[in-house]
Amino acid sequence: MKRINYIYFLLILTALAACQQTAKQEKTDYEAEIAKELGGAVLWYQTSAEMHLSYLQAYRYAQLLLDEKLSQGEVENPAVVLDIDETVLDNSPYQGRLLEEGKLYASESWMDWTKRGKAKALPGVKKFVVYAKEKGVEVIYISNRSVKVLGPTIQNLKDEGFPNADSAYVFLKEETSDKTNRRATVSDDYNILVFVGDNLTDYSQLYADRDEDWGKQLVEKNKEELLNNFVMLPNPMYGEWEGAVYRHDYKQPDSVKLEMRKEALNSY
Ligand SMILES: [Mg+2]
């Protein structure tokens, strides 16, 4: 009898392990399916001459804005504030790797990439920051990279020839992705004339709210202020827009996220 119980026990264990394996496999399949959706976006970011000109254009616009503001009269301690990822440094090789491996963003893999310090400067940005420095305008970086990678980030900026690659000018994430407090800290010492980023929240946390028409109505309402202060770069690979598709909940099962992506699509 004891022996039969033992065999039952083993059978149940085997069945449980098989179920777990299937669940894991399904998760991987859904993850790989969402990862595939990165394809067009990464390819566009890496290969299109259109992307190249978009960045050049955005940074030229940033320079024009800066010139206009400087021409309005003396400003004390002027500064420009730039985000880092997909604004100053190109992390699309990390996205390419995710695509190849059928994986989604994870803090471990992201940390591994950023610690390498191998991201390249994006088009137009260096010319703009050098121009700002020449005009006596301070260059400040506010990024949601973890403060744990401050060292490699500063080294990466230095290697790519950026000015102010120094902890006094680089504000990374300590607790929250909300940049409001970091912007306020910078504003205590500087007059920020121009902001540049690939996310609207690089300008104001107000734009985390995407409830009305994916946040477009809010942009429409505040467009004059945005156009006068913020320079927007294109990032089709990830961002606040994707969070909005998932109703700001990245922790949902990948199968649900995949459905939400489909639901958000407009087709005829
Ligand atoms: Mg960014």
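Here is a walk through the model, one selection at a time.

**Before you click**

This is a predicted model: local features are taken only at pLDDT of at least 70, side-chain atom pairs count only at pLDDT 80 or more, and totals for chains, interfaces and linings use all residues. Residue numbers start from 1 along each chain as its sequence is written.

**Whole chain**

Start zoomed out. The C-alpha trace spans about 95 × 45 × 35 Å along its principal axes. Colour by secondary structure and you get twelve helices and seven strands; these are DSSP runs numbered from the N terminus, helices being H or I with at least four residues and strands E with at least two. Among contacts between residues at least 6 apart in sequence, 80% join residues at least 24 apart; a contact means C-beta atoms, placed from the backbone, within 7 Å.

**The sheet**

Now select the strands of the open sheet: five of them, in the order β5-β4-β1-β6-β7, with parallel pairing (a pair needs at least two DSSP bridges). β5 (170-173) and β7 (230-232) are the edges; each has a single partner strand, so one side of each lacks a neighbour in the sheet. From one strand to the next, the twist averages 20°.

**Strand β1, residues 78-82**

Select 78-82 next. Which strand do five bridges join to β1? That is β6 (residues 191-197), running parallel to β1. Show Pro78 and you'll find its bridge partner in β6, Asn191; Val81 stands opposite Phe195 of β6. Then look towards β4 (residues 138-146), which pairs with β1 in the parallel sense over four bridges. Here Leu82 stands opposite Tyr141. β1 is mostly covered, with four of its five residues buried.

**Helix α3, residues 49-71**

Helix α3 lies across β1, β6 and β7, and runs at about 170° to β6. For angles like this one, axes are lines fitted to C-alpha atoms (for helices, over the stretch in contact), and the range is 0 to 180 degrees between N-to-C directions.

**Helix α6, residues 125-134**

Select 125-134 and show side chains for Val125, Phe128, Val129 and Ala132, which are buried. They cover an arc of only 90° around the axis, which puts them on the same side of α6; the arc is that of the directions from the helix axis to the C-beta atoms. An α-helix has 3.6 residues a turn, so residues three or four places apart point the same way. The buried residues of α6 pack against α3, β1, β3 (120-121) and β4. Just after α6, check Gly136: its phi is positive, about 80°.

**Helices α2 and α4**

Last stop: select 39-47 for α2 and 92-101 for α4. Their axes come within 10 Å and cross at roughly 150°. The contact is made by Gly39, Val42, Tyr45 and Gln46 of α2 with Ser92, Gln95, Gly96 and Leu99 of α4. These residues divide into three nonpolar, five polar and no charged (Ala, Val, Leu, Ile, Met, Phe, Trp, Tyr, Cys and Pro count as nonpolar, Asp, Glu, Lys and Arg as charged, and the others, Gly among them, as polar).

Finally, click Pro93, which lies in α4. Is Pro93 buried or partly exposed? Pro93 is partly exposed, with 15 other C-beta atoms within 10 Å. Draw a distance from its C-alpha atom to that of Thr47, 46 residues away along the chain, and you get 12 Å.

Key. Two residues are in contact if their C-beta atoms, placed from the backbone, lie within 7 Å. A residue is buried if 20 or more other C-beta atoms lie within 10 Å of its own, exposed if 12 or fewer, and partly exposed in between; C-beta atoms are placed from the backbone.
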